[in-house]
Amino acid sequence: MAVLLAASLDPTAYECTVVSLFSEPNEELAGILDAAEIKLICLGKELGFDASMLLKLRSVISDIGPQIVHSHLYILGYLIPSMLSLRGTKWVHTIHSMAGAEPLGRLGQIANQLAFRTRVLPIGLTEAVGVSIRETYGIREPLIIPNGIPTHRFQREKDASRRSAWRNMEGLGEDDFLFVAVGRLSEEKKNDVDIRALDKLHADARLLVVGTGPRREELLKLAEDAGLAHRVHLMGLRDDIPRILGNSDCFVIPSKREGMPLSLMEAMAAELPVIASATGGMIDMIEDKTNGCLTKPDDVDDLADAMRK
C-alpha cells in the first residue's frame, strides 16, 4: 500500500521518500519506486526489538526534514525520538488490521496511545477498523480512508489458449477448478482451514497458496497427511500475482482477523468470485451473497459449503 500510494503522488507537487526499517522490498515494489523516481532508504533492522532504529530513524527523518510523515504497521514506538525533535512535522499513521489484535505488546500499545493522544493522527481502513481504534485507544472519531489499488493491473484471462498455456506451465489441468489464497503463511491467515475444506470437495478442485511464512512446513505436512499433496500447491513468493489471479477460478481468504486486505481487493478487481471469513474489515467490503460470500471464521464445514457453490 505505502509504495503504491507514494508512486501515485503528483511529483510536481510532492517530493516523497520511502523509508523501510528492513532490507529492500521485493523486485516488483522496488521497480515501482524506481519508475516513479522515488528515493528508497533501507535501514537493515534486526528481527525483534532493535534499539538502533530509534537513532537511525531520527537521523534519517531529520535529514529529510519532512512536512508530513506517514507511518504504517508497528513502528510508532521507534518514531518517538523523531517526534520529539521535529516540532513542525505533521504525523499520520495507518492501522491496517484490527487495533486490538496488532502484535504490539503492552509497551507498544502504550507508545501508540501516547502518540495518538499527542501528535499522531490515526487512520483506519474500514469502519470496523475505526471501531477497533475507538475501543482500543479511546479515539472518538478516527479518520477512515479505504485502501486503493491500480485495478487496471488485474484482469481475468479470457483467452482460452493463454489460460491453457499458463496452467500447463504450472503443472495444472485445464479442467481443474482453482481456488487461490494470497498472503503470509501465518497463524492469523488460517490457511489450514482452506486446506481442510478442500478435502471435502471434488477431486478436480485444487488450492493455490501464494506467499511464504512460518507455517509453510506445517501446511505442507497437513496437505501430505490428508492425501492432498497433489491438490495443494504452495507457490511461495511470486511477482506475477495479477496473472495467477487472472487464471484462477475463485479466491478464498479464511483469516481470523483482517483490516482491508489488498489481496481481496485485487481478487475482486480480477472479477474472481470471493469467499472470505466474516471478520474485521472484510464485512465492510463484502455483502454476503451479493458481491461475494462470507463464512464463519475458523469453520471448515461452512467454508467447504461456500466453496462447493
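**Sheets and their helices**

Tutor: The chain holds 13 helices and 12 strands (DSSP runs numbered from the N terminus, helices H or I of at least four residues, strands E of at least two). Its radius of gyration is 21 Å, close to the 19 Å that the globule rule gives for 309 residues, so the chain is as compact as a globular protein of that length (taken over C-alpha atoms; the rule is 2.2 Å times the number of residues to the power 0.38). Along the principal axes, the C-alpha atoms fill a box of roughly 60 × 40 × 35 Å.

The model is predicted: local features need pLDDT of at least 70, side-chain atom pairs count only at pLDDT 80 or more, and totals for chains, interfaces and linings use all residues. Residues are numbered from 1 along each chain as its sequence is written, and side-chain values use heavy atoms, leaving out hydrogens and water.

Start with the sheet of 6 strands. It is open, its pairing is parallel, and its order is β9-β8-β7-β10-β11-β12 (strands pair if DSSP finds at least two bridges between them). β9 (232–236) and β12 (293–295) stand at the edges; each has a single partner strand, so one side of each has no neighbour in the sheet. Neighbouring strands are turned by 25° against each other on average, direction ignored (axes are lines fitted to C-alpha atoms, for helices over the stretch in contact, and angles run from 0 to 180 degrees between N-to-C directions). Within the sheet, β7 (residues 177–182) runs parallel to β8 (residues 205–210), and 6 bridges join them. Phe177 stands opposite Ala205 in β8.

From α8 come Val193, Asp194, Arg196 and Ala197; from α13 come Val300, Leu303, Ala304 and Met307. By class, this contact has 6 nonpolar, no polar and 2 charged residues (Ala, Val, Leu, Ile, Met, Phe, Trp, Tyr, Cys and Pro count as nonpolar, Asp, Glu, Lys and Arg as charged, the others, Gly among them, as polar).

α8 (residues 191–198) has a further partner in α9 (residues 216–225): the two pack at about 15°, with their axes 10 Å apart. α8 and α9 are therefore roughly parallel. Their crossing is right-handed. Asn191, Asp192, Ile195 and Arg196 of α8 make the contact with Leu219, Leu222 and Ala223 of α9. This contact of α8 with α9 counts 4 nonpolar, 1 polar and 2 charged residues.

Turn to the sheet of 4 strands. This sheet is open too, with parallel pairing and the order β3-β4-β5-β6. β3 (68–72) and β6 (143–144) are its edge strands, each pairing on one side only. β3 and β4 (residues 90–95) run parallel, joined by 5 bridges. His72 faces Thr94 in β4 as its opposite. Helix α4 (residues 76–85) packs on this sheet, touching β3, β4 and β5 (120–124). The direction of α4 makes about 175° with that of β4. Helix α6 (residues 127–137) lies across β4, β5 and β6, running at about 140° to β5.

Finally, α4 meets helix α3 (residues 52–64). The axes of α3 and α4 come within 8 Å and cross at roughly 45°, which makes α3 oblique to α4. α3 passes α4 in a right-handed crossing. Met53, Leu54, Leu57, Arg58, Ile61 and Ser62 contribute from α3; Gly77, Tyr78, Leu79, Pro81, Ser82 and Ser85 contribute from α4. The contact of α3 with α4 divides into 7 nonpolar, 4 polar and 1 charged.

Definitions and conventions:
Parallel < 35°, antiparallel > 145°, perpendicular 65-115°, else oblique. Left-handed = near helix turned anticlockwise from the far one by under 90°. Contact = heavy atoms within 4.5 Å.
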